[in-house]
Every structure is written in C-alpha cells, then in structure tokens.
Amino acid sequence: MTINAKKKQLSIEPQIQASFQAIFPEHHSQDIVPNILWFIFSLGGQHILLRMWACIAVVLLWIGSAGCTEKANMSNHIEYTAADFYERLLSGKMMFLYFKQQVSPTISLFLVELEKSAEALQDYGVLVGKISCKKEPVQTYCSEAKQQHSAFLFRGGKEFLSFSLDTVFDVNSIVAEVLFAILRDEVKYVHTDADLLAMEKAAKGKKDIVLGYVRSLGTQEHRSLMETAYVYGSKYQFILITGGPVLKQLGVNESSQQSQVWFLHCRVRSTLMTAVTSERCPVTRMRKALSTLNLHTFLQLLEAPLVSEVYVDPSSVPPPQFPYQLTPQVFLFSHPATEHLDLDTASTLAWRLRGLALLLLVHRQSPAVKTPDKYNAAYRLPEKSSEVKYVTLRSLDDVLELVTKQGKEEQEEEEDDHVDEEEGSHLGELDDEVAAAVYKNRDHLQDMDSVTQLTSDNFHTEVAQSSLTVVLFYLKWDAVSIAFLTSFIEVAERLEDSQVDNIQMGVVDCGEWTDLCAAQPGTAVPFQPITAFPSVLLIRPQQSAQHYGGLLTGEALHRFIMISCMDSPVLLSTKEEVWSFLQEVPHPDLASYRPARVLGLFKTESQTGLSVFTEAAKSLRGEILAGLLVDELVEKWAAEYAVDPPAVLLFPSWRKLTHPLVMPVDSSSQELLAHICAALLPPVPELTVENLPSLLSMGKALLLLFVGEEEDEIGRRQNQALVDELGGVVEQGGTRMERYLPCCIHLGRTPAAMSVLGSYLGSMPPLPALVVTHLPTGDEVYQYPPNTPILASSVLQWLQSVEDGKESPA
C-alpha cells in the first residue's frame with residue numbers, strides 16, 4: 001500500500017484535532033490529543049476543562065512569542081551525534097533513529113513527522129532522534145544508500161527492528177508501529193479463527209481478551225489500540241487483526257470501513273451467557289468508534305458490577321458516578337416470591353447490556369419502594385435529564401431495544417455533527433471542547449429567572465436586601481464563564497426549591513458593566529477589582545467580600561454556600577447545642593457530607609485570643625463549621641479534653657469525635673489558620689483532583705504512594721497497611737520529614753493516576769509504587785526500588801540517599 005493510500009484511511013477526530021491545531025500549530029497537536037483527552041476525562045470532571053481556560057490564555061501568549069524558537073529547539077533536541085548514539089546504545093535504552101543521508105521531499109516530510117513523534121514516544125521510554133551521516137558517519141547505517149529508506153529501533157544495546165519509511169509515514173504510524181514492536185510479546189496477531197480459538201483456550205480462567213480490528217496498520221485506530229495495550233497489557237490479553245476469517249467468525253463484513261473492538265470474557269466464565277460452542281468465551285462488542293478515549297471508557301464500563309441490587313425507588317438512586325456518568329441505567333423490579341428467578345433474569349439481561357448500560361435490580365420487598373406494580377422496568381438516560389422513566393415491558397428484547405435505540409440516536413447525532421463540521425462549521429477552529437460546546441449551544445438562551453442580574457445601578461440596593469448575596473462575575477465571550485453560568489443557575493434553582501431564606505444569587509456581566517467589575521479599592525464596592533473570570537464572591541452587608549476558591553462545579557459551590565449560611569463562629573450556650581453542633585448534619589441537603597468542625601474554648605468574652613479565633617473562623621466560613629464556648633460551659637469541656645482555656649479543639653472529618661486535635665490560640669489569625677489547615681489533613685492524605693491544588697500550595701515535596709484497586713477485603717487491608725507504613729515514616733522521621741508531604745493516590749478512585757505514574761517513570765511499574773516528586777530543587781522524580789518491601793525504616797534510608805545525591809532520578 002502506498003503512503004497516499006494509507007493517509008486516506010487515517011481517521012483523526014477532526015473537530016478535536018482542529019481545536020488543538022488552532023492553539024498548538026507547531027506543537028505536535030496530533031499526538032497530544034488522545035493523551036490530553038484521556039487524562040482530562042479520567043480525572044472525570046468538567047472542572048478540569050474549566051480550569052484549563054486560564055492556562056490556555058497563558059500558553060497562547062507564550063506561543064506567540066516563543067513558538068518559532070521552540071520548533072527550532074525540538075529540531076536540535078532530536079539531532080544526535082555518533083557519540084550520543086553509542087553512549088545510549090551501551091546503556092541499553094530504547095531508541096527510534098533515522099540516519100539521514102540525502103534529503104528528498106519525501107524524506108523531508110518524514111523528518112517533520114519524526115519530530116512530532118519524539119514527545120509522544122518519550123512518554124513510553126523511547127528516545128527519538130536523527131543522525132546526519134554527513135556530519136557523523138556511523139558505520140553500518142551510513143554506508144549503504146538503501147539505509148536511507150529505513151528507520152531503526154534499538155533495544156537492549158542492539159538493533160531490534162527496522163522499519164521501511166512506507167510504514168512509518170506520519171506521527172500516528174510511527175507511534176503505532178514502535179509500540180507494536182515493543183509489545184510484540186504482549187499483543188498477539190492472529191490470522192485464522194483457529195488461532196483465535198487457541199488463544200481463548202489458553203486465556204480461560206486467567207485473563208480476559210481485548211480483540212481489535214483495524215483496517216490498516218499505522219493508522220490512528222492502530223495507535224489508539226497500542227496506547228491502550230501499553231497501559232492495560234498486564235491486565236488483559238490484547239489481540240490484533242486486520243481482516244481474514246476471524247472477522248467472519250465475529251459476523252463482520254470485511255468490506256466494512258469501520259475499525260472495531262471486542263471484549264472476550266475468558267477470565268471468569270458465566271453460565272448465563274454462552275457463545276456458539278462451549279469452547280468460546282462470551283463476547284461483548286464496543287459500539288463506539290475506536291479511539292483511545294472510547295476504548296478506555298469501554299474497559300472501565302466492563303469493570304462495573306454485572307447487577308447492582310437496590311432497595312429504594314429508582315428515582316431515589318443517584319445517577320451513575322464517574323467513570324460511568326455517560327452510561328444509561330436500566331432498572332428491573334423483583335418480587336419476594338420470585339426473587340431468585342428475577343436475579344437470574346436480571347443477570348441474563350445484564351450480559352446482553354454489557355458495555356451499553358448499567359443494570360440495577362429493585363427489590364419490592366423493601367418498604368421504601370413505592371413504584372406501582374403495573375411497572376416492571378425503568379430507565380434513566382445520560383445527559384438528557386436525571387428523570388427516571390417507568391415502563392411496562394413484555395420481554396427482555398424490549399429493554400434491549402430501548403437502550404440500543406438510544407445508542408443509535410447518539411451515533412446519528414455524532415454523524416450529523418461531523419457533517420456540519422465538513423460543511424464549514426466554526427467548531428473545529430475553537431480553542432477547546434468547552435468553547436466548542438458553548439458555540440454549539442449559542443442559540444439556546446439561558447433561563448435567568450432564578451438569578452438577579454446586577455448592574456452599577458442596582459448593585460448596592462440588591463446587596464443590602466439580603467443577608468448573603470452570591471455573585472458570579474462573568475464575560476459573555478468567555479467559554480468557561482458561560483459553561484459555569486449554567487451550573488450557577490442550577491444552584492440558584494436548587495436553593496429556591498429548598499426554600500433557603502435570605503440567600504440571593506446574582507450575576508454581573510463584566511463586559512457590560514466594566515465600571516462595577518473594575519471598581520478600585522476605597523469606593524463603596526466591597527471587593528477588589530475582578531481580574532479573573534469566572535469569579536464568585538459571597539457578599540454580606542457591611543462586610544468585606546469572601547472569595548470562593550473551590551471547584552467550578554455546581555455541587556461544590558452549593559456545598560460551600562450552605563456551610564456559609566451558618567454563623568462563624570456560632571455561639572453555643574447549652575450542652576445539647578454543643579452535641580448538636582458536633583454530631584448533626586448542618587442541613588438536609590448536606591446529608592452525605594461531613595464537614596470538619598472547630599470549637600473555641602474561652603472563659604470570658606474578653607479573654608485574650610478570642611478576637612484571633614473569631615477572625616480565623618470567619619476566614620474559614622464555607623469550608624468548616626466553627627463553634628464558640630464561653631462562661632460556665634467552658635470548664636466542663638476543658639476538663640473532658642484535659643485542656644486549659646483559651647484553647648481550640650479541631651474535629652477533622654477523618655478523626656473520631658472523641659479524639660479532637662488540641663491547639664493553642666496563636667498570636668495572629670493567620671498563624672491559627674495555617675495550623676488549622678495543616679491539621680485538617682490526615683497523616684497520609686489521599687491525593688484527589690479536588691485537593692491537589694491545596695496540597696501543592698504547601699510547597700512541600702510529595703512522597704507519593706501509588707496503590708492499585710483492591711479486588712477484595714484482603715487487598716483493601718494490604719493497601720491500608722502500606723498507607724499506615726507511610727504514616728510511620730512521618731513518626732520515625734521527626735523534623736526531617738517536615739520538608740515532605742506523604743500522600744497516596746488510588747488508581748481505582750483516581751484513574752488519571754495511571755497516566756501520571758507513566759509520565760513520571762516512562763513506563764508502568766509494578767504496584768505499589770513509591771516516588772518523590774515536586775522537589776524544590778527541580779523537576780526530578782525518584783522511584784523507591786521496585787519489588788522492595790515498603791517499610792518505614794527503609795524509606796527513611798532511601799530518602800537520605802536521595803538527599804545525599806546517591807540516587808539517580810527515574
């Protein structure tokens with residue numbers, strides 16, 4: 001196949017690709033698209049995209065001034081000398097090299113793609129470079145003219161494989177072919193159905209199989225499959241086909257232009273799902289287009305429980321959480337008399353819905369289930385609304401048709417969107433997915449009835465009428481502002497439905513009311529000039545405005561507002577009030593959230609330190625609950641916790657109420673705030689998307705423990721033992737550990753950790769993995785020796801070696 005023929009078969013997502021190309025015209029946009037998307041959506045939140053906007057603005061400015069320089073630097077970066085080549089060859093590093101002799105137009109195009117692949121393959125521990133034979137003649141590779149039509153992969157100190165330039169003609173083919181070569185022992189290539197059957201027999205009881213069909217090697221789909229195999233290769237057996245009898249066995253017409261993926265359930269055999277013969281593993285087909293993101297999502301969905309059992313009405317079951325938030329839910333109802341049969345029926349249907357929907361069995365024996373008996377099923381579709389629809393179906397095929405019909409509609413919508421782009425839509429030219437989504441919905445006007453539109457004329461009047469006004473400052477042309485405006489309005493409607501009094505939700509269009517948003521200090525406006533968008537301020541009459549610095553999600557903002565409604569500190573007068581403050585949920589809407597609490601103990605209202613505590617409590621408003629005890633109650637509580645007033649008792653959410661942390665009242669509110677914030681962290685906090693900024697802001701090096709997802713209680717205990725051992729490092733290390741922040745990251749709860757760990761070390765190490773990163777001295781990452789028991793004493797010795805310069809960076 002010629003290069004041009006192969007290029008016609010490339011299927012890079014045009015809208016996303018064009019968006020990144022608009023921002024990074026000279027910066028390898030093709031190879032960063034799948035990795036960036038995978039990383040963002042693994043983190044699972046639109047809040048990541050919302051925060052990206054400000055960063056993109058900075059990057060655009062940087063590109064404008066330094067883009068050409070960066071391009072030149074990349075070219076120099078992959079230019080190696082003969083000495084470089086031999087040095088790296090002796091070290092055993094993997095290298096993908098081209099030995100340049102005569103430069104033709106075709107080779108010039110290849111060299112451009114070679115530069116683009118350098119950054120992508122660096123993530124997989126492969127060095128990419130070129131050597132000029134005129135400057136640095138390398139024996140064997142510069143002596144024959146035919147060598148100029150080949151590129152070479154070196155591994156373990158010797159040539160591993162050579163590639164014709166016809167097979168590595170662009171960045172996708174380079175990355176795909178190199179990874180395919182590296183994974184040749186992990187990714188099998190089968191030609192016949194007999195080969196596949198033999199693989200299934202070998203995998204039974206051991207591993208599930210991911211079978212991928214790509215029309216041609218070296219395409220975007222081939223690259224996506226190889227990138228996924230690199231990450232999941234230890235968990236699943238990957239098999240690649242490009243046609244032949246295997247497709248016929250799978251019921252696919254070989255003339256089909258669409259690449260596909262199938263999941264073969266070989267590890268655990270189910271008697272509820274059978275294939276053509278008893279020898280074959282049950283098969284689930286991925287119904288979405290083959291891309292890195294779709295394949296990752298598909299594999300995550302197959303990890304979900306086959307059937308979940310619930311004992312409440314479907315409307316009381318929350319929508320699916322990450323990573324299943326875009327997955328339909330199907331509910332079947334069970335009766336006490338036929339409970340076992342109903343579970344078998346649900347399991348049978350669940351196998352047919354595998355990869356399409358989540359199935360839940362609702363037990364009618366529970367008094368919490370009020371659904372009328374005339375309904376035997378229900379369903380909830382993603383992104384349409386959270387509404388549950390109840391139906392009466394005659395057969396399992398009816399349920400399957402409901403879900404597959406929804407999937408076809410979504411696929412048709414995607415195809416329509418693609419057609420719009422081909423006809424000249426602006427979506428491909430926009431900066432990111434947030435901007436594209438806003439542009440696409442530009443004709444759908446926001447319903448602003450639940451919020452007050454504040455202007456320079458009515459601002460002071462409206463703010464004076466409410467004890468708390470929450471104000472969103474936004475710009476109509478800022479995609480992040482408009483995206484968050486929707487969440488802000490949803491919070492306003494939720495507060496309205498909850499009949500929460502004395503909270504006013506207002507918005508200010510800073511493009512229209514520039515004088516209000518840019519008001520200088522010293523004026524009647526109770527806030528500093530607004531310089532970042534979107535910004536949220538909480539304003540109370542006669543008080544300085546409080547800035548909301550949390551995630552740009554409706555749930556996080558709603559929680560912050562509800563806690564802000566409480567007095568801070570609240571004066572507690574009786575024993576009952578104290579216990580209510582410590583134990584009860586502050587509001588029904590926060591039933592699933594347990595905020596930290598801080599209690600100030602002062603003998604009198606004039607005792608030294610009370611003003612310091614009060615000021616600190618006001619600064620923490622919205623984040624924790626603060627209470628104040630004075631007069632005769634103080635002695636009782638002080639005696640119970642063996643403290644001398646004045647004192648502050650802190651009740652973190654991770655600690656039992658009976659064991660608060662005791663801290664003295666500092667000389668300033670800032671010192672007290674710092675001590676409280678530090679004490680809120682557990683000894684070994686779990687690093688998440690939400691707390692990452694606050695943990696990094698402490699300016700400490702991260703002693704970061706990566707643990708895998710537990711399959712059972714034994715696995716959970718093993719992970720907890722590792723975390724406890726890391727806590728022992730803090731205890732034994734004493735003051736020398738003050739420069740480090742020990743923390744852990746759970747690959748099950750934070751899937752992006754897999755990409756983070758891979759980027760740190762260049763490949764996926766065995767778990768658990770312990771690294772030191774974010775050192776004040778630079779960007780070095782140090783890895784604790786793999787397969788070495790993680791013991792507190794050993795970790796301390798290793799850290800000392802790192803500090804002494806005896807360890808090499810990973």
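Select Met 95 and Leu 127: Met 95 stands opposite Leu 127 in strand E2. The model is predicted, with local features requiring pLDDT of at least 70 and side-chain atom pairs pLDDT 80 or more, while totals for chains, interfaces and linings use all residues. Residues are numbered from 1 along each chain as its sequence is written, and side-chain values use heavy atoms, leaving out hydrogens and water.

Next, show strands E1 (residues 94-100) and E2, which pair in the parallel sense over 7 bridges. Strands pair if DSSP finds at least two bridges between them. Strands (E, at least two residues) and helices (H or I, at least four) are DSSP runs, numbered from the N terminus. Right-handed means that, with the strands pointing away from the viewer, the path from the first strand over the helix to the second runs clockwise.

Move on to strand E7, residues 237-241, where 5 of 5 residues are buried. In a regular strand the side chains alternate between the two faces of the sheet. On one side of E7 are Gln 237, Ile 239 and Ile 241, and on the other Phe 238 and Leu 240.

Which strands pair with E7 in the parallel sense? Strand E5 (residues 187-189) is joined to E7 by 3 bridges, and Tyr 189 stands opposite Leu 240. Strand E6 (residues 209-213) pairs with E7 over 5 bridges, and Val 210 stands opposite Phe 238. Finally, select helix H9 (residues 220-232), which makes a right-handed β-α-β unit with E6 and E7.

Technical notes: Buried < 20%, exposed > 50% of the residue type's maximum accessible area, 1.4 Å probe, protein only.
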